[in-house]
Amino acid sequence: MTGPEATAESRETAGSTADRFVESHSSRRAWGRGLVHLGVLLTAAGALATLTILYIRNAIHADIGLAFVGLVVVHLAQRRRTVTRMMSQLVRAKSFAERRIRLVASDLILAFLTLNVLVSGVLDWSRGEPIQLPLPPPFDRWHLLSSVALVIYLVVHVWRRRKRLRRSTIQ
């Protein structure tokens, strides 16, 4: 076809192709974000599950724990605009809405707990035995105690955001 009909048709086809590209790109990003969320939850559960075999195969627990830390880094990278915005608000020290303060505090607590689990796990691994705390058993092992605290906090964190997780997008 030639003439005005051909150009209108080609514009229409190009527009629908562009729309399909944007839709497929955003759906792939949403799918990827969902996979990262699933990976974080599965590796957290896997790291906890392998605590029972810690003295038999410490490497399995360490590998799953490092995969968890890696997925947390990917998750934070996916949320870099949100994290940057929250950090800039924290630095400016302006009046925050209560929700933003809770969100920043929650992210800081999660970061602290994750680093605590990572450091305690590396120290246990390097020593070849768990670091003991002056607490009654079973709360006397630092890595175990910090891992349980992280898992409890993660469950609460995900539970409180369960409705928003379904409709959230990568920014």
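View A. Leu113 is located in helix 4 of a predicted model. Its relative accessibility is 11%, which is under the 20% limit, so Leu113 counts as buried. Leaving out residues up to four places away in sequence, Leu113 touches Ala149, Leu150 and Tyr153. Leu113 and Leu150 lie 37 residues apart in sequence, yet the distance between their C-alpha atoms is 5.6 Å.

**View B. The crossing of helix 4 and helix 5.** Helix 4 spans residues 98–127 and helix 5 spans residues 142–160. Their axes come within 9 Å of each other and cross at roughly 150 degrees. Because this angle is over 145 degrees, helix 4 is roughly antiparallel to helix 5. The crossing of the two helices is left-handed. Sorted by class, the residues in the contact of helix 4 with helix 5 are eleven nonpolar, nine polar and four charged. Leu113, in helix 4, has Leu150 among its contacts, and Thr114, also placed in helix 4, has Leu150 among its contacts too.

**View C. Thr114 and its contacts.** Thr114 belongs to helix 4. With a relative accessibility of 11%, under the 20% limit, Thr114 counts as buried. When neighbours within four places in sequence are set aside, Thr114 is in contact with Phe68, Val69 and Leu150. Phe68 and Val69 are residues of helix 2 that take part in its meeting with helix 4.

**View D. The crossing of helix 2 and helix 4.** The axes of helix 2 (residues 58–78) and helix 4 come within 11 Å, and their crossing angle is roughly 155 degrees. Since this is over 145 degrees, helix 2 is roughly antiparallel to helix 4. Helix 2 passes helix 4 in a left-handed crossing. On the helix 2 side, the residues that meet helix 4 are Asn58, Leu66, Phe68 and Val69; on the helix 4 side they are Thr114, Leu118 and Trp125. The contact of helix 2 with helix 4 consists, by class, of five nonpolar residues, two polar residues and no charged residues.

**View E. Trp125, an exposed residue of helix 4.** Trp125 has its place in helix 4. Its relative accessible area is 58%, over the 50% limit, and therefore Trp125 is exposed. Along the chain, Trp125 and Ala59 are 66 residues apart, and 8.9 Å separates their C-alpha atoms.

**View F. Ala44 in helix 1.** Ala44 sits in helix 1, which covers residues 4–49. At 12% relative accessibility, under the 20% limit, Ala44 counts as buried. Not counting residues up to four places away in sequence, Ala44 touches Phe68 and Leu154. Phe68 is also in contact with Thr114.

**View G. The whole chain, for orientation of the close-ups.** The secondary structure comes to six helices and zero strands. The pattern read along the sequence is α-α-α-α-α-α. The protein has 171 residues, of which 25% count as buried; Leu113, Thr114 and Ala44 are among them. Of the contacts between residues at least 6 apart in sequence, 59% join residues at least 24 apart. The protein exposes about 11,900 Å², and carbon and sulfur atoms supply 67% of this area.

Conventions
Residues numbered from 1 in each chain as written. Predicted model: local features only at pLDDT ≥ 70, side-chain atom pairs only at ≥ 80, totals over all residues. Heavy atoms only, no water. Axes fitted to C-alpha atoms, helices over the stretch in contact; angles between N-to-C directions. Helix = DSSP H or I, 4+ residues; strand = E, 2+ residues; numbered from the N terminus. Parallel < 35°, antiparallel > 145°, perpendicular 65-115°, else oblique. Left-handed = near helix turned anticlockwise from the far one by under 90°. Nonpolar A, V, L, I, M, F, W, Y, C, P; charged D, E, K, R; others polar. Buried < 20%, exposed > 50% of the residue type's maximum accessible area, 1.4 Å probe, protein only. Contact = heavy atoms within 4.5 Å. Areas by Shrake-Rupley, 256 points an atom, 1.4 Å probe, with all protein chains shown as cover.
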